[in-house]
Amino acid sequence: MMDRNQVTGLVLIMAMLLGYQFFFAPKIEPEKPQDKAKTTQASATPQKVATPDSNALKSAAGDFASAAVGTPKDVVLENKDIKVTFSTQGGRVKQVLLKNYKTYTTFEEQKNDPLVIFDEAFDKISLELPTTKGNIDLNKLYFNTSSVGGMVAEGKTEKVVFTLQLANGQSVEQSYSLAGAGFLLDNDLKLTGLNGILKNESVKLNWLENVRPTEKDLTENRKATVNYLLNDGENFDQLSETPTGANDATLDQPLKWVSFKKKYFLSSFITKNEPIQKAQVFGTANEQDSVNIKTLRANMDLDLAGIKAGKGNFQWYFGPNDYNIIKNVAPGFGKNVKLSYDIFLPITRYIFVPLFNVLETVFSNYGLLIIALVLIIKFALLPLTYKSYVSMAKMRILQPELNALKEKIGDDAAKQQQAQMKLYGEVGVSPLSGCIPVLATMPVLMAVFMLFPNLINLRQESFLWANDLSTFDSIATLPFSIPLYGNHISLFTLLMTVSSIAYGYYNNQNTPDQTGQPIDMKKMAYITPVIFMFVMNSLPAGMSFYYFISNIVTILQQIGIRKFVDEDKIKAILDENRKKIAAGGVKKSRFSEYISKQMKAVEEAQKTQQEETGKKKKK
């Protein structure tokens, strides 16, 4: 039977493997600021190209020739959270700025520059109408507007309207609406009188984003991917988050929405009425580029008939990938946040997320919030911890008898195990009673392991020496890189490792030796934390700090429980159980009955074998 050390060791090893699969990859160090500035300048500098004359533009525009030439004009619409710049060229979004968030560079350099999540210098959204003379890209045409934009007051909604007016009352209208708060931008496309111009084909929405780094860990930035939801509202899927190489998917089913997901931010296209008919999505890592580190693309087909019928109603979401903000944006939209595996999802969704929400109203410092979170969780699990300790106390009390059996039987591990199980049955003790409470706490450990790397609440929140709890805390940079560890030293990870070893040592002093085990699990209590240290070194400091505090609280709980548990009283109860079970006065537990049956079966098998051996000798 497994003791607590064995269960803990195996689960931590499982956590290590899961962490390596989902979060770990070889780290690529950010370039030095001066080098990065040069790269940025080179990437952003526009190239000189020949400008076509107006006649050529009009000829290419076909039926839309009257809108082929013009002067672009910007219109700005903003609320307390977001600032959107539009251009009359294409009636399109030109830039989106998040007012209350910064990139890691502006944060570390103490700048107040907000985070730009979409910029036409890097990104592109084009809308192509299928005409009888070929597809026409609306981004190349000039719209008119009387909208002046401005600041949207809370509780209000403002709209900007861009109109492309053709002959005979024909027109294309792009309108955008922004509420006084939030990150949702409504986008309506209206086509009037264009039946003679348009073919009965799909409207093409081609969207490209060159992902720029917003977080400290460049590898985490390279995990940007494309998420999407099929129109049934249930089937969520995504491209692989691999930070290298390229991958794509052809989606032939209707889609409800498509998101370009960065670590903590989303750019999303959402349908309100008619679904996206089909799409192709791509993710390509630009491994030699430290500015445009990954390219995401989505080529989508929109239903022309639905748009002509007045159902060209869409939304754009440009904002944080925060579960509390996005969970009600659209069906299944909350799945953009990887809260956990499905098996642990109830714990994260209904325990950790609500607890964070409550504690955020109490604590402004997230280090103190994590301490409070640990205390709440550990004290909620205290009955299980107490039950596990009592079970281990019973094992310790029986240890002298187990040692005597070992001396009597010798080195036969199978017989030792049989004798041990028989003794447990005689006193009514189940070894599983110590394992089950420990196993019951493991989902919490795994939920934390999945949740913390995806929790935007910790982003750029400082505590002690860590200036950002959402990424690793580096107290020293090594002149070389250690395989699987990296080239930096995380102090919170070291503290977590030391506390895990201390807990293992304390636990070993209170755990009896188990016979018949192929591995010395007491040694694993020291080896596993060291292995886990390699996994945790590049993961969020907030998670390492959580585990560190959790280990300290667990040790203190064990010490406190030990003072209140009377082992002499437990021994008296075991002796009384032995007498009652022997006399038949107490109904055996299921475990004891199972052990009795197994022991009888073994004894009968041994007796049969001895009889057959005796018969062979007589012959």
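1. Ser 550 is buried in this predicted model, because its relative accessible area of 12% falls under the 20% that marks a buried residue. The residue lies in helix α15, which covers residues 541-564. Leaving aside residues up to four places away in sequence, Ser 550 touches Val 374 and Lys 378.

2. The largest nonpolar core comprises 124 residues. Those with the most contacts inside this core are Val 172, Trp 207, Val 258, Phe 352, Tyr 546 and Tyr 547.

3. When residues up to four places away in sequence are not counted, Val 172 touches Phe 64, Leu 129, Leu 138, Phe 143, Phe 162, Thr 163, Leu 164, Leu 189, Lys 190, Leu 191 and Leu 194.

4. Helix α8 spans residues 345-360, 16 residues in total. From its first C-alpha to its last, α8 reaches 21 Å, close to the 22 Å expected at 1.5 Å a residue. Its buried residues are Leu 345, Ile 347, Thr 348, Phe 352, Val 353, Leu 355, Phe 356 and Leu 359. Of these, Phe 352 is also listed among the residues with the most contacts inside the largest nonpolar core.

5. Strand β17 (residues 278-285) pairs with strand β14 (residues 246-251) in the antiparallel sense, over six bridges. Strand β17 is also joined to strand β18 (residues 294-302) by eight bridges, and these two strands likewise run antiparallel. Gly 283 of β17 stands opposite Asn 247, and its bridge partner in β18 is Leu 296.

Terms used. Residues numbered from 1 in each chain as written. Predicted model: local features only at pLDDT ≥ 70, side-chain atom pairs only at ≥ 80, totals over all residues. Heavy atoms only, no water. Core = buried A, V, L, I, M, F, W, Y, C linked by side-chain atoms within 4.5 Å. Buried < 20%, exposed > 50% of the residue type's maximum accessible area, 1.4 Å probe, protein only. Contact = heavy atoms within 4.5 Å. Pairing = 2+ DSSP bridges. Helix = DSSP H or I, 4+ residues; strand = E, 2+ residues; numbered from the N terminus. Expected span 1.5 Å × (residues − 1).
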